Amino acid sequence: MVRTLHVKAYVQHHSNVVAEDCEPQDFVCNDGTCLDAAKQCDDVPDCRDGEDEHECDAVPECDETSEFMCRSDNTCIPKSSVCDRQPDCTDGEDEENCEACPRDTWQCDYGQCIPHEQKCDGNIDCPDDISDERNCPRCSPYEFQCRWDKACIPLAKKCDRVYDCYDKTDEQVCAWSHLSPFFKQNDNSKHLAICKK
């Protein structure tokens, strides 16, 4: 958007002419015309003398491995700010084209997707934050929490040689586990018992 001043006084400021009607972020042409900042250094001369395309090498370059460049004002923001549901670019372009995570996955605070079973598994799996281990359901001190479905079972059922957790975590890391007992499946497919010889 190009705005032209009709009859306004100009103020000399640090050897640059600044029009009194221009917005602070506007580029001011030598003749007093106000240009939207996005028009500066866009390879199209908009000022009468083309000064909006001079000294364009001064536009900062972002580190592509860790930064995202906002085209609207040529600023660099951290990549972790992209798709974080908080617009950081003046035009909000850092929140455009953000996809939700696919089915059976969970989205970390910074937008990365991890397998759903890694949510609340006791390990930090999100690459840029700890959101996958925040606000996880916890069992009482008298219960054991199964890893996969987060079910709570009585502590007495931990290491009792019967699988009470769907993922069998209640029978892992038990004092007797080095004996390699034989298990067979009960009628209830979720519970297993030891075979007696």
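A word on ground rules: since the model is predicted, local features need pLDDT of at least 70 and side-chain atom pairs count only at pLDDT 80 or more, while totals for chains, interfaces and linings use all residues. Residues are numbered from 1 along each chain as its sequence is written, and side-chain values use heavy atoms, with hydrogens and water left out.

Let's start with the disulfides. The structure holds 9 of them, where a disulfide is a pair of cysteine sulfur atoms within 2.5 Å.

Strands here are DSSP runs of E, at least two residues long, numbered from the N terminus. For the terms, buried is under 20% relative accessible area, exposed is over 50%, and partly exposed is in between, using a 1.4 Å probe and protein chains only.

Next, cysteine 108 and cysteine 126 are joined, again with S to S at 1.9 Å. Their link is left-handed, with -90° about the S-S bond. Cysteine 108 is in the loop between strand 8 (105-107) and strand 9 (113-115) and cysteine 126 in the loop between strand 9 and strand 10 (143-145), so the pair ties together parts 18 residues apart in sequence. Both cysteines are buried.

Cysteine 139 lies in the loop between strand 9 and strand 10 and cysteine 152 in strand 11 (residues 152-154), so parts 13 residues apart in sequence are tied together. Cysteine 152 is partly exposed, at 33%.

Now the hairpin. Strand 6 (residues 67-70) and strand 7 (residues 75-78) run antiparallel and are joined by 4 bridges; strands pair if DSSP finds at least two bridges between them. Phenylalanine 68 has isoleucine 77 in strand 7 as its bridge partner. There are 4 residues between the strands, and asparagine 74 takes a positive phi near 55°.

On to aromatics. Rings of Phe, Tyr and Trp (its six-membered ring) pair if their centres lie within 6.5 Å; planes under 30 degrees apart are stacked, over 60 edge-to-face, and the rest tilted. The count comes to 1 aromatic pair. Tryptophan 148 and tyrosine 166 form this tilted pair, 5.6 Å centre to centre with 40° between the planes. Tyrosine 166 counts as exposed at 54%.

Finally, the second largest pocket holds about 190 Å³ of space. A pocket is an open set of points on a 1 Å grid over the protein atoms alone, where a 1.4 Å probe fits, with protein on both sides within 12 Å along at least five of seven lines; lining residues have an atom within 4 Å of a point. Of its 13 lining residues, Phe144, Gln145, Cys146, Arg147 and Thr169 are the closest to the centre.

Key
Points joined across faces, edges and corners; volume = space filled by probe spheres on them.
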